[in-house]
Amino acid sequence: INAEYGGFFVDKRVCVLAGGCMEDTTKGITDFQLAEIKKAFNLCDADANGIIDYKELRTVLFALLEKEPTNEEVDKLMKLVDRNKDGKITLDEFVESMREWLTEDLSLVHKSKKRKLTHDQERKEVHQKIKGFFQHFSKSENYDIIQKKLEQRYSKTNKDKVEGVESKNQSDEKNPSSDHSTPNKWQELPRSEDGLLLKALEPAAKLEFLKVYRKEIQKLDNMIEVILNDNEEKRLEAIVYLNHMLSIIEIFSSPIERCAIAEDVAHIYFALLEKKAFHIIVKYLTNDSQALQFQALKAISYYAPGPRIAYVPESSMFHPNRAEFKKDLMREGAFPLIIKLLESSNADIQQQAVIALGHIGARNPQYRDILLQSGVLKAIHPLFRNSANIVLLRKLSWSLCILCGVSHPRDKLPSIETVSSALVDFSQLMYFNDEEILVNILSFMALALPGLQVDLSVCRRLIDLLQVPHTRVVLVTLTTMCDMCRYDVNPVNALLESKLLIPLKETLSHNDKDVRASSCDLIHIVVNADKSELLVQSEIISKIIERLPIDEEVRGKMIKIIKEITRRKQTLIQYLVKLGVIQALCKCLHYFKQYDRILTKVYKYCAPSYDLDFLADVFSLLLNIVNVGEMEVEETKELNKYALAFDLDSIDKIRSLLLTLKDSNLNNNDYSSRISVIDIKIKSLLQKIK
């Protein structure tokens, strides 16, 4: 074990973090959300040919907007979602658009415990957001118009600006009651000990904030001039004012919310960039006043990521990929000054510097790499010595995982050698029992561990984390295990040796559906590693069959696991049949056709929905079982014992399904080709049973 890397073996053959070989289409959404997005896509795809064409898109808009959409509206939406510009929307393009729409900010807003939602409530919430996407795009601001309005506002000459400020200053001298101090109207928001919002504000509180914001924005130009003129008496007051104004992106904490107030949010960012306010604010980082340093760091933390408004076109200066605000900070030489402040004797300044670095490095690999080349990991490392400061450690873990690749595209991760010095810190943080720290660290490990030969002590710690009471930690731990095992059997063996299957059996019945789904993913990987016998011994397979008829959310994943076992381990089929897998599968057949009350309520969609992939998997699995029985018949010259395992109730359910397929309207459109394949499988199965 190379102690320098904190207990990990570094495989020098891997030049980038192994996350680079994984698909990134659904990054940021859960399996549950992905399944619901696919249902919405299928509603839009009326002819079931796998694409949404112009005509289908118009029909969808007519239904959701409750009016005939204009050609401009249909064109605008098609342009928004159709990434390759071929005039058709594929499932991948639809998923990617919804991912951007559904994904929350990668921010430091405190994640309080949300009220527990039922399965139907969560589904309704997802579909209301999807519906909101279609309804919102036609109402969204034209960002070109916003930018032109702001350019016109700030196109006056410097002379006009200076004269305006001088005139205002003279007025203030004559009127001592004129006050630029931070207004009392800014309510003190509920925050945690580390300064984060404790919870999302109620709509009424947000509207009150917006009302004050719109009044106070009138002072913006004057306050920026105070900063530009470096007025020693009022500069602290001015930058505190700016931070109150910039906190609008914290109050309206998601890109979707900020989309509704796009002009309000864009105004302050445009003004700061256009007037080059950070040319002076960055200089405050070297000021003797620690209060000024702290406020400057806070302003940089708000400013660096930009306004992050949902669905800004890539051509706009406000699009995060343009990184205009990070470019501005780099031009002003902010990065090395922020890194230097990690050495400050003031703990608040250290923490705010860590936050600022995280926001600079997030999402844009170019700026992350600039920070890495500037020695940011070496500068951060000494802060871990203060392990008693849990607040600092939370922020350090968040910033560190971003600097090491979390939030970046999987094909643009840093090399393992570049971030290997951080493994010591990650290894240390793994043994904290703080939920926020563990989620951050595990997010990085999901990228890093596939590229490393992992020590057994790390495997044992991961298995321990499956048993903690924090659902988020359990979920990210399972994701990490899946990623480290997906392409390499060695970590599978290491985890099994560390007694993985005991807690994995428990997570299979966890009350969180995403945990159950990730558990199924990991079990599937174990099956692919030819370890099915161990799953039998641990009674995981029997538990899967037991839950098959009752676990709607992950039923499809469970069927794929059993299907893979029958394909790989024919010797286990007798065990599966004895457990009642045939009866369990037949009990599930009617789930392929449902009148989905959530889809009906949200989209007013009254027709049934059909899951043909589910049917295809079930009958492929049943045929696998019966076909193995036929092969055994050739050797034993006896009847097919697996065909005999189909009781009359199961046969009736299969025949009933056959009639349903025949009588349904599925044959009236492009479903017919898929139905015919399933129909052949069903008839073949019934013939073999007969």
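This is a tour of side-chain contacts in a predicted model.

**Stop 1**

Start with Cys485. Cys485 is buried, at 4% relative accessibility.

Now go to Cys588. Is Cys588 buried or exposed? Cys588 is buried, and its relative accessible area is 0%. Across the model, the disulfide count is zero.

**Stop 1: Lys513, with two partners**

Turn to charged pairs. Side chains of opposite charge can pair when their charged atoms come close. How many salt bridges does the structure hold? The count is 35.

Select Lys513 and Glu122. They form a salt bridge, with 2.6 Å between the closest N and O atoms. Show the helices too. Lys513 is in helix H29 (residues 513–528), while Glu122 is in helix H5 (residues 119–137). The two residues are 391 residues apart, and the pair links distant parts of the chain. Check the surface next. Lys513 is buried, with a relative accessible area of 7%. Glu122 is partly exposed, with a value of 23%.

The charged end of Lys513 sits over the Phe32 ring, 4.2 Å from the ring centre.

**Stop 3**

Move to helix H32, residues 555–568. Select Arg567 and Glu564. Their side chains meet in a salt bridge, 2.7 Å from N to O. Both residues lie in this helix, three residues apart, or about one turn. Which way does each one face, buried or exposed? Arg567 is exposed, with a relative accessible area of 53%. Glu564 counts as buried, at 13% relative accessibility.

**Stop 2: Asp483 and Arg486**

Next, select Asp483 and Arg486. Their side chains meet in a salt bridge, 2.8 Å from N to O. Asp483 counts as buried at 6% relative accessibility. Arg486 counts as partly exposed at 38%.

**Stop 3: a charged network**

Select Arg516, Arg547, Asp551 and Glu553 together. Salt bridges link these four residues in a network.

**Stop 4: the aromatic rings**

Switch to rings. How many aromatic pairs does a search of the whole structure find? It finds ten.

Select Tyr269 and Tyr303. Their rings form a stacked pair, 6.2 Å centre to centre, with 5° between the planes. Tyr269 lies in helix H13 (residues 262–274), and Tyr303 lies in helix H15 (residues 290–303). The pair therefore ties together parts that are 34 residues apart in sequence. Both Tyr269 and Tyr303 are buried.

Now select Phe41, Phe94, Phe133 and Phe134. Ring pairs link these four into a cluster.

**Stop 5: a charge over a ring**

Finish at Arg555 and Tyr591. Where does the charged end of Arg555 sit? Look over the ring of Tyr591: the charged end is 3.8 Å from the ring centre.

Terms used
Residues are numbered from 1 along each chain as its sequence is written. This is a predicted model: local features need pLDDT of at least 70, side-chain atom pairs count only at pLDDT 80 or more; totals for chains, interfaces and linings use all residues. Side-chain values use heavy atoms; hydrogens and water are left out. A disulfide is a pair of cysteine sulfur atoms within 2.5 Å. Buried means under 20% relative accessible area, exposed over 50%, partly exposed in between (1.4 Å probe, protein chains only). Helices (H or I, at least four residues) and strands (E, at least two) are DSSP runs, numbered from the N terminus. Rings of Phe, Tyr and Trp (its six-membered ring) pair if their centres lie within 6.5 Å; planes under 30 degrees apart count as stacked, over 60 as edge-to-face and the rest as tilted. A charge sits over a ring if NZ of Lys or CZ of Arg is within 6 Å of the ring centre and within 35 degrees of the ring normal.
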